[in-house]
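Here is a briefing for a reader who is meeting this structure for the first time. It moves from the overall fold to salt bridges and then to the backbone.

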Amino acid sequence: IYLAGGGGHNHLRYADFLQESVGDAVLERRDFIHYNQRGAPLTSPELSCPGLADFLYGLAAESLPQEEWAARHIEFLLKCRDDLVAAGIDLAQYNSAVNAADADDLRRALGYEQANYYGTSYGTRFGLNLIRDYPDGVRSVILDSVYPPQAGFYTESGANLQNALTYLFAGCRDADGCATRYPDLEATFYETVARLDAEPEWVDSPAGRVLVDGGIFMDAVSFYLYSPSGIPRTPDAIARAAGGDFGPLAGPVAGGITTEDIAWPMWYSMQCREEVPFESLEAAEEVGASLDPGVAAHYVDNFARFHFALCEEWGMDPADPIESRAVSSAVPALVLAGSYDPVTPPVWGESTAAALDNAFYYEFLHVGHGIMRSTDCGLSIGLQFLDDPHSEPDSSCIAEMPPPDFPG
């Protein structure tokens, strides 16, 4: 049973991709089940905010101070929340603990005594809830690109991106052709962030004209780090943007403003219940003091501050403190992480595996986010684990994986 990432994400829209990359191989030995979490598109009730995408693209086409952008965005979301509550929807029933209960209920409804669960990104969050709360129904769990409850999502987001970028810059320096073609890639990147923060530039994206500042630029670049095919293209995208050519980043720029395939009220209800109450803006600011000023400005002053302000008014009671603690369990677990991952870093996978009694942990040095679905090696290890969750898989293919083929 696949546990989708995103939190309220319309996984079924992309089920064909996952089926081709992972599911077909799984089907040779066992069933492979896709579903959307409660509140996501195609479920009933669906927690949607009609007009949100057009509203946010409209804001992105204006030159607004961050404070005004945040205030208008929060006003829109609170009106959406009020409409959902007025329709009789209890937003407290949309969270990771309930998602885990739903996944267990799905197993029961389909008649399986036990199931193997495979989660990526946010799917690993309630995958951990599953092995904590419903271990008897879980034969094994694959946690791919882990978002664990003990992590500080808002405290650490800026550092996660900066660390992934540092790894990218080192990878380019170690590749002769890349180092020659982009000798000052790190400086070029941060100079571009600073330039765009000082003077945002208009970019024609698939969603229309967008005013791109340093934060939107960083979000767009991080998109490339998710996949093995995107990582080698990142230096060129950075260098071209530094010269004013945002062509390679036009699509990610649009996608970074909003994702229509996510039921955002589900995401905010969850975050305001089980994430924000266990973090603080002060802690985020403390971490931000050690980051590049442009990274800190976006991920602390904008991203974190926005969510803390929204959650003050969202009206969600904090979760039980157990939802902020590392999960301990004896259920066999395979934990996968990618060194280039800009959002769920290897340190989160390591801390997750360390708390589990029967976990195998592997870091892939040349991969980003979603290991099993994006690499043959990750798929091979995952299939071995599914066949025998109690025996260590042959992971020798990891050492044989080549570094990214950066352009020279």
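Helices (H or I, at least four residues) and strands (E, at least two) are DSSP runs, numbered from the N terminus. This is a predicted model, in which local features need pLDDT of at least 70 and side-chain atom pairs count only at pLDDT 80 or more, while totals for chains, interfaces and linings use all residues. Residues are numbered from 1 along each chain as its sequence is written, and side-chain values use heavy atoms, with hydrogens and water left out.

**Overall fold**

- The protein chain has 18 helices and seven strands as its secondary structure.
- Its radius of gyration is 21 Å, close to the 22 Å that the globule rule gives for 408 residues, so the protein chain is as compact as a globular protein of that length; the radius is taken over C-alpha atoms, and the rule is 2.2 Å times the number of residues to the power 0.38.
- The C-alpha trace of the protein chain spans about 60 × 60 × 40 Å along its principal axes.
- Among contacts in the protein chain with a separation of 6 or more, 78% are between residues 24 or more positions apart, where contact means heavy atoms within 4.5 Å.

**Surface and charge**

- Of the 408 residues of the protein chain, 56% count as buried, a term that means under 20% relative accessible area, whereas exposed means over 50% and partly exposed lies in between (1.4 Å probe, protein chains only).
- The accessible surface of the protein chain comes to about 16700 Å², and carbon and sulfur atoms hold 50% of it; such areas come from the Shrake-Rupley method with a 1.4 Å probe, and for residues only the protein chains shown count as cover.
- The protein chain carries 22 positive and 61 negative side chains, with the centres of the two sets 4 Å apart; Lys and Arg count as positive and Asp and Glu as negative, without His and the chain ends, and the place of a charge is taken as NZ of Lys, CZ of Arg, CG of Asp or CD of Glu.

**Salt bridges**

- The structure holds 22 salt bridges, each being a side-chain nitrogen of Lys or Arg within 4 Å of a carboxyl oxygen of Asp or Glu.
- One of them joins aspartate 83 and lysine 79 (2.9 Å, N to O), both of which lie in helix H3 (residues 66-86), four residues apart, about one turn of the helix.
- Aspartate 83 is partly exposed at a relative accessible area of 40%, and lysine 79 is also partly exposed, at 49%.
- Another salt bridge links glutamate 275 to arginine 125, with the closest N and O atoms 3.2 Å apart; glutamate 275 lies in the loop between helix H12 (264-274) and helix H13 (281-288) and arginine 125 in helix H5 (residues 122-133), so the pair ties together parts that are 150 residues apart in sequence.
- Glutamate 275 is buried at 2% relative accessibility, and arginine 125 is buried at 1%.
- Glutamate 274 and arginine 273 also meet through their side chains in a salt bridge (3.9 Å, N to O), and both residues are buried.
- Salt bridges with shared partners join Arg125, Arg273, Glu274 and Glu275 into one network.

**Backbone details**

- The peptide bond from serine 44 to proline 45 is cis, with omega near 0°, and proline 45 is found in the loop between helix H1 (15-26) and helix H2 (52-60).
- Leucine 42, in the loop between H1 and H2, has a positive phi near 80° although it is not glycine, and it is exposed at a relative accessible area of 64%.
- Serine 145, in strand S3 (residues 138-146), has a positive phi of about 65° without being a glycine, and it counts as buried at 0% relative accessibility.
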